[in-house]
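User: Could you walk me through reading a few features of a structure like this one? I would like the general idea, then the case at hand.

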Amino acid sequence: MADQRRLTRKRADGATLVIFYLLALLVVPARFTIAFVPITLPPALFVALCLAVLWFAAHLVDHLFMAKGRNAVRTVLAIYVILHLMTYAIATRRYLPADELQVSDSALIRIVAMSALAVFVCDAVRSRDRLSRLLKVMVGCLTFGAFIGLFQFALGLDLASFVTLPGLRAQDNGYSALESRSIFFRPAGTVNHPIEFGLVCVLGVPFAAHFVFQARDRGEPQGRWWLALGLLSLMAILSLSRTAIIGLVVTGVVLGLLFPRKRGLPLLGVGAVFLGGASAVVPGLFGTVTSMFSNIEDDPSFQGRTKDYDGAWLEIAKHPWLGRGFGTFLPSKYTILDNQYLLTMIENGYLGLLALALLFLAGIFAALRARSLSQDESVRGIAVCLVAAMLTGALGAATFDSLSFSVATGLMFLLVGSSGALLRIAKQEAAENREPAPAASEPS
């Protein structure tokens, strides 16, 4: 009996380690960095680097349950890292000012760590239950951040500013946690900026909706998932960000089209009722949101984003194929470009832009392929959520420099890796279903 209990006891696995990363990314305020190292090293980035070492070590042996073999997401991530290394080599071969060289070094570490995180998720999360557990924790952590943002919006009180953690120091990132638009405070939760906050809230919305339906189908309590869905949707709107509003629309369209009709149509109806309720509870909200789009050409923030595009193309023409170096187009030294695709062309060239686009496309392809291979509603539902998240992230990259924000970047790479993991899981389950049942032995 003791041996049986030992065999059935749950063990820590790859999903457990990624959960530690999620806690460091989404619960610890983003302004914190590790105090005793000479470079800017957030706790989440440190955990990602540790996972990179574990991934490499686990691939040297065969008994640690790390998946091996080709995967569409792994292939694209390898291309992405190789192109970044090529850009780094060319950029550092020519003269770079000391400040740009320093940022280029740290940016390379960050992008390698993020790619390693995605590969670790792809290879180490081996079952649908563990992937589902990982995504549930992600939704819970995002809901915690949305709760902090609710206080910021409603009371002008930043609870995250009261947090102190041993071994960490707060870094001034140049942004205010309580920016304003119209008559409202713009919340940032535990992340760096309201735009980033709105995007990460939207990324959690489809998964919260999936877990609502999953709990209903299993006869489990649904209240916590309805709370998460409502709070994440509300804070995405209250972030007063065009990125978040566009992301909610994209998410609603994808879920409405790809979810089964018995789920998609009621969800769109609930969304419409929720939007009306939020407008009624928060006077002036609907007018503020609509004015962000109806008067967009006269909006100073929109004009500020587009006035530098001509200068951006001049920079691209200087180093068109591999760019001037990732992270070297410093906003404090040159200008802020609220378009990740333009910024990528400047820093990584046309080849870098292609690699970034392939990253999103690989995540979408892996999720759709997993959906086509599986008949399990849980796998198919997660696949639809990942498609919505990838499209939201891809469109969000056109509205702000998403790779400059650590939480948005970390979450997107984690979801790309989750698409790869889901494809592995779907292929494995499909192969098991195709195996013929063992023939019954004839009596002697």
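Analyst: Happy to. Let's begin with burial: 12 of the 16 residues of helix 8 are buried, so this helix is largely enclosed by the rest of the structure. Keep in mind that this is a predicted model.

User: Which residues of helix 8 are buried?

Analyst: They are W225, A228, L229, G230, L231, L232, S233, L234, M235, A236, I237 and L238.

User: How do I read the length of helix 8, and what follows the helix?

Analyst: Compare the end-to-end reach with the expected one. Helix 8 covers residues 223-238, and its first and last C-alpha atoms are 22 Å apart, close to the 22 Å expected at 1.5 Å a residue. After helix 8 comes L240, with a positive phi near 55°.

User: Is S239 buried or exposed?

Analyst: S239 is buried, with a relative accessible area of 0%. This serine sits in the loop between helix 8 and helix 9 (242-258). A polar atom of the S239 side chain lies 2.7 Å from the backbone oxygen of A236.

User: Which residues does S239 contact beyond its neighbours within four places in sequence?

Analyst: With those neighbours left aside, S239 is in contact with R186, P187, P194, F197, G198 and A244.

User: Which helices supply at least two residues each to the lining of the largest cavity?

Analyst: Helix 2 (14-27), helix 3 (43-58), helix 5 (98-124) and helix 16 (406-434) do. Helix 16 gives the most, with four residues. By class, the lining of the largest cavity has 13 nonpolar, three polar and one charged residues.

User: What lines the second largest cavity?

Analyst: The second largest cavity, with a volume of about 120 Å³, is lined by 15 residues, and L356, F360, S402, L403 and M412 lie nearest its centre. Helix 14 (340-373) and helix 16 each supply at least two lining residues, with the largest share, five residues, coming from helix 16. By class, this lining has 11 nonpolar, four polar and no charged residues.

Technical notes. Residues numbered from 1 in each chain as written. Predicted model: local features only at pLDDT ≥ 70, side-chain atom pairs only at ≥ 80, totals over all residues. Heavy atoms only, no water. Expected span 1.5 Å × (residues − 1). Buried < 20%, exposed > 50% of the residue type's maximum accessible area, 1.4 Å probe, protein only. Nonpolar A, V, L, I, M, F, W, Y, C, P; charged D, E, K, R; others polar. 1 Å grid on protein atoms, 1.4 Å probe; cavity = no way out; pocket = protein on both sides within 12 Å on 5 of 7 lines; lining within 4 Å. Points joined across faces, edges and corners; volume = space filled by probe spheres on them. Polar contact = N/O pair within 3.5 Å; in protein donor to acceptor, adjacent residues only side chain to side chain. Contact = heavy atoms within 4.5 Å.
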